[in-house]
Amino acid sequence: MATVVDAPPIVASDARASSRPHPLRRLLRRPSAAIGLAVIVAFVTIAIFAPFLAPYDPIATNFGAVRKAPSAAHWFGTDEIGRDVLSRVIFGARASLEAGVLSVLISLAVGVPTGLLAGYAGGKVDMLISRVTDALLACPFLILAIALAAFLGPSLANAMIAIGISATPVFIRLTRGTTLAAKSEDYVLAARAIGNSPLRIAVRHVLPNIVPPLLVQATLAIAAAVIAEASLSFLGLGQQPPQPSWGSMLNTAKNYIDNAAWMAIWPGVSIFLLVLSFNLVGDGLRDALDPRHS
Amino acid sequence: MTAYLIRRIATILPTLLFASILIFGLQQLLPGDPAMVLAGEERDPTVIAHLRETLHLDKPFPVRYFYWLRGVLRGDLGESLRMQQPVRTLIAEKLPVTLELACIAIVIALAIGIPAGVVSAVRRGTAWDYGANVVALWGLSTPNFWLGIMLILLFSVTLGLLPASGYVSPFEDLRANLAAMIMPAFVLGNAIAAVLMRHTRSAMLQVLSSDYVRTARAKGVRERDVILKHALRNALIPIITLGALEFGTLLSGAVLTEQVFTIPGFGKLIVDAVFNRDYAVVQGVVLFTATAYILLNLVADILYAVANPRMRIS
C-alpha cells in the first residue's frame, strides 16, 4: 500500500498528447487490462443485481442442509448453519466493492486537497503536512487500520473509515510530489502571471494535470482496500455476522477446512479475482497514461 | 558522511514525535468515557478509579500526552489490563516468535524473488518473463490468509505432511519448529517475493543497458559473469532499501498469518488485545512497530549511502 506510483511528466501542453490515441482506447488495447476491466464490470453487475442473481437468501439458515457439498441445489455448497455459499459470495461482492471504492474515495477526499496544499503552499505548511504524512506512513497500513478499527468499533463503515485513513498518506505524498512538479511548468507560471489566485491555479490548472497518476494510484489502492476489508472482516473487525463478507466467510471456513473445504475456496477465489483485476487495470492504466511506460 | 547522518537523524525525530501524538490520539476515538470503556465489561469501580488516576483522565489532552510520552521514553508502554503485565514484557515475549517467522519468510522471498527477477530481465519478452510476471501478480493479488487456509487444506488435511497450526520453540525441537513454521513463512514470503521480483527485474533491466555492462560484454566476459558479477551486484543496491520498506508488509502479514496458523507471536498479540479491548497493548504495539519501521528505514538509508556515495552529497 505504501508504494507510490511514479508521477508522469506533465503532458497537458505537449503536442504529442493530441496525436496519441485516447487513454481508454490505449487501456483496452492491453489484453490483460481489458480482461481485468471485464471482470470488474462483472463483479459490479453481480453486486448491483445480487437480490435477483442469488438463488437463496444469504442469511437464511437451513439446519437440514448443514455443510452440504456442492450440488445442483447449492452450486457452491452450504456453510456451517446451512446457508447457501453461492448466495453469500454474490452478496459478499457488495461489501468488498463498497469498502474498496468508498475507502479510496475517503483517501482521495482527504489526501488530494492536503497534498495540493502542501505542494502549492510550500514552506512551513508543507513541512508540517510532510512530517504528519511520514508519521502515518511509519505505521504499517494494516496494523494502523486494525488499530483504528479497534478504537472506532467493529463494523463495515468503521472498517472503511479505518482503511481510508490508513491509505491517505500515500495520496498526500503523491499529490504533493506531482503538484511540486507541475508548479514549475510554464502553464502554471503563465496562470500566475495573469493574476490568477493561488486557489484557482491549484484547482483549475494544477489539479487536472495531476489526475493521471492519481487515477493509477486509486485503482491500485482499491485492490489493496479490497484485501484490507477482507482482512479486517477475517479478523472480525469489518462486516459483522450474519451479513455476508468474503473475509468473514473465510474466518468461519478455516474451522471446517477438514470436512467442508468448499466453504473456503469460493470466497478466496472471489477476493483473488477482484484484486487481480484491479491490479491488472492499475498496471494497464499506468502504461496507458504514462508515456514513459508505453 | 557524519553530516549526512546528523541530517538524516534530525528528520526522524519529528516523525517519531508526530507518530507518538497520532498513536496516543487513538484514545480520543473511544466513544464516551475512556475509563469506562478501558475498564472492560466488568466495569470494576476500583479499576475505573485506577485508570482515571494512572491515565490522568481529568487532565487535558496535551498534559495526558506529556505524561504518557514521559513513560514511553523511560520504556514504560503501559500495562495490559487483561494480562496484568507490562506491555513491554508482552512485546518482548512475543517478538522473537514473529522475528523467526519474518526471517524465514525473508529467506523464502529472496530465494524466489531475486532469481525470478533476474531471469525475467535477462529473458525479457520471452515465456520466462511472462511466467515470472504472472507469478508476481499472483503473489500481489492473493490474500495471505486465504493462501494459508489453502496450504493447510493441501499439506495438512489432504497430504498429512505438515501440522495445521501451533508453535514449538526451536530450542525444544528444531525439526518440529521448522515443520510448524514453513507454511506460515511461505505465506508471508509469497507477497514479498512478488515485490522483490518486480524490483529486481526493473533494476536489472536498467543495469543491463548500462555502459559498463556493454563494455564487459565487449571484453568477452562470459554472459554468466556479466549477469551475476557485473549486473546483479549493482542491481542489488536499491533492493537493500526495499528490504526495510517491506518490514511493514511483514508485520501486517504476520497479524493474519499468525491468526490462521495459531502462532503465539506479535500479530496474535495485537489481535487478541483488540478483542480483549486491551487498548494499552494496541497502542504499545503500534508505537513499537512504527518506531522499528522508522529506525529500519534509517539503517537502510545509511547502508544505501555507504554503498552509493552520490546519496551522501545530495
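Predicted model: local features only at pLDDT ≥ 70, side-chain atom pairs only at ≥ 80, totals over all residues.
Residues are numbered from 1 along each chain as its sequence is written, and chains are lettered from A in the order in which they are written. Local features need pLDDT of at least 70, side-chain atom pairs count only at pLDDT 80 or more, and side-chain values use heavy atoms, with hydrogens and water left out.

In the pairing of the two chains, 45 residues of chain B are in contact with 42 residues of chain A (contact being heavy atoms within 4.5 Å). About 3800 Å² is buried between them, 84% of it from carbon and sulfur atoms; this area is the accessible area, with a 1.4 Å probe, that two parts lose on being put together, summed over both. One salt bridge is counted between the chains, and R198(B) and D283(A) meet through their side chains in a salt bridge at 2.7 Å, N to O (a side-chain nitrogen of Lys or Arg within 4 Å of a carboxyl oxygen of Asp or Glu). On the side of chain B that touches chain A, the largest share, eight residues, comes from helix 12 of chain B (helices being DSSP runs of H or I, at least four residues, numbered from the N terminus).

Within chain A, helix 12 (residues 246-253) has six of its eight residues buried, among them W246(A) and L250(A), where buried means under 20% relative accessible area and exposed over 50%, with a 1.4 Å probe and protein chains only. The cover of these buried residues includes helix 5 (85-121) of chain A and helix 7 (144-158) of chain B. By contrast, F52(A), in helix 4 of chain A, is exposed, with a relative accessible area of 71%.

Methods: Helix = DSSP H or I, 4+ residues; strand = E, 2+ residues; numbered from the N terminus.
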